[in-house]
Amino acid sequence: MLGAAAAIDRDLRELGRRPGDAALLERLAVHGLELLDPLEAYLASDLPIAVLEGYEALFKRVLRQELAAGEVTGAAARRLAAFQLRVGLLLKYKTYAVKASSPLGYSIFLQNPAEGFSFQRHVSHKTEVFHILDVHPGGFVFLCSYQRWARIYERERFAAWLAGGGPDPDYDRCRFAAAPGDVFILDRLGVVHTVVGCALEEFATVSTDMVERLHDQNEGRTVPPELSRANVLERLHALRTPAESRLVAGPARRPRSTPLPPREIPGGERTVLADSFVSASLYRVAPRAETGLLLDPRRTVSLYVRSGLGRIAIGTPAELERIAAPGFAVAPTELLIVPPGIGYVLANETNTPCEVVEHKIQPEIALV
């Protein structure tokens, strides 16, 4: 008879062959936090998207169980944070981009020039915020109502427009020329959208695709073989936060642009990109400074380090009142997660600013 560790190893290997097997996921999830160590290698590996998302679904199940059990202790929160810190962003290789994501809905997309998402709409559950970080020549965002799309879409005509075959007023009026710092909020289901030719961060309600593809220009393409964890991390290291951000709304021909200025906080400044169905913020911690206690009683937090070196202390408010609060040294491209009700403090231990991106979402929404 197999011991517990051997049974977990066997079932994890089998999950790679049957990533959507509900009975297998249920059998594994019973082990709870004991799954973290053996699961780590799978989540940190270069795997086909369907296989990786099978392991991601298992981790989300464990998270859901842990958070549903009641108040999370500081020790359990640090165990989860340390696990996510070791795993890092989950790397999903697509034909047109790399998606580097958190299980809770924060992602960075590194799109190829002139390539991007299919033209799609969400029909259930998923809504999102796009923050454009960099733009290849000709990069754009496309937004239109489904009712308009149904009136104007003609497959061959649309494909010709998308391939650069010349202006088309019907489609041009839905096309926003993208610029670094642009923020687009998709807070309604059914909006037809894409982003093409950009590096962007997405703050979404869930981490996996939940779309109806209406025009898929990527169909039939293959994933470039040169993609690997090493070169993706190098590209993520090179990304910089735009000098300023602005909310873009209204018609594409006459868009409204509303500045999103940073606000002073203890230890630095915070720029709020959105705060509704998700909260999306950027913290810039001053040299040799730290923020006050940050805590959300209802939402789970993803913290992604964009630049700089620092320390993130995680624990209950009582633990964080201690002089030597427990924490983690962090560096660019690293990711931590923090359960609801657990506090965190961002500290900069260098002479240059440290930037941390914050995504907050209720776990019952993210962990479907």
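**Entry 1: E201**

I began with E201 and found it in strand β8, which covers residues 192-204. I was working in a predicted model throughout.

Next I looked up which side chains have a polar contact with the side chain of E201, and I noted H131 at 2.7 Å and R306 at 3.0 Å. When I left aside the neighbours of E201 within four places in sequence, I found that E201 is in contact with several residues, including Y106, S107, I108, L273 and V357.

**Entry 2: R121**

I turned to R121, whose place is in strand β4, made up of residues 119-121. Its relative accessible area is 16%, and I therefore wrote R121 down as buried. Which side chain is joined to that of R121 by a polar contact of 2.7 Å? I found that the partner is E212.

Not counting residues up to four places away in sequence, R121 touches Y146, and among the others that I listed are G190, V191, V192 and H193. I also noted M210, V211, E212 and L214 as residues that R121 touches.

**Entry 3: positive phi angles**

I reminded myself that most residues other than glycine have a negative phi. With this in mind I looked at A114, a residue other than glycine with a positive phi near 65°. A114 lies in the loop between β3, residues 106-111, and β4. I noted that A114 has a relative accessible area of 64% and is therefore exposed, since the cut-off for exposed is over 50%.

I then looked up T333, which is not a glycine either and has a positive phi of about 75°. Where does T333 lie? I found T333 in the loop between β17, residues 327-330, and β18, residues 335-338. Here the relative accessible area is 11%, so I recorded T333 as buried.

**Entry 4: A230 and P255**

I placed A230 in helix α9, which covers residues 229-238. With a relative accessibility of 58%, A230 counts as exposed. I then looked up how far A230 is from P255, and I noted that the two are 25 residues apart in sequence and 39 Å apart in space, C-alpha to C-alpha.

**Entry 5: the whole protein**

Lastly I stepped back to the protein as a whole, in which I counted eleven helices and 20 strands. Its radius of gyration is 21 Å, close to the 21 Å that the globule rule gives for 368 residues, so I wrote that the protein is as compact as a globular protein of that length. I also noted that the C-alpha trace spans about 60 × 55 × 35 Å along its principal axes.

How much of the protein is made up of buried residues? I found that they make up 53% of the 368 residues. Of the contacts with a separation of 6 or more, 77% are accounted for by residues 24 or more positions apart. The protein exposes about 15,900 Å², and 53% of this area is supplied by carbon and sulfur atoms. For the charges, I recorded 42 positive and 44 negative side chains, with the centres of the two sets 3 Å apart.

Key:
Residues are numbered from 1 along each chain as its sequence is written. This is a predicted model: local features need pLDDT of at least 70, side-chain atom pairs count only at pLDDT 80 or more; totals for chains, interfaces and linings use all residues. Side-chain values use heavy atoms; hydrogens and water are left out. Helices (H or I, at least four residues) and strands (E, at least two) are DSSP runs, numbered from the N terminus. The radius of gyration is taken over C-alpha atoms; the globule rule is 2.2 Å times the number of residues to the power 0.38. Buried means under 20% relative accessible area, exposed over 50%, partly exposed in between (1.4 Å probe, protein chains only). Contact means heavy atoms within 4.5 Å. Accessible areas come from the Shrake-Rupley method with a 1.4 Å probe; for residues, only the protein chains shown count as cover. Lys and Arg count as positive and Asp and Glu as negative; His and the chain ends are not counted. The place of a charge is taken as NZ of Lys, CZ of Arg, CG of Asp or CD of Glu. A polar contact is a pair of N or O atoms within 3.5 Å; within protein, one must be able to donate a hydrogen and the other to accept it, and residues adjacent in sequence count only if both atoms are side-chain atoms.
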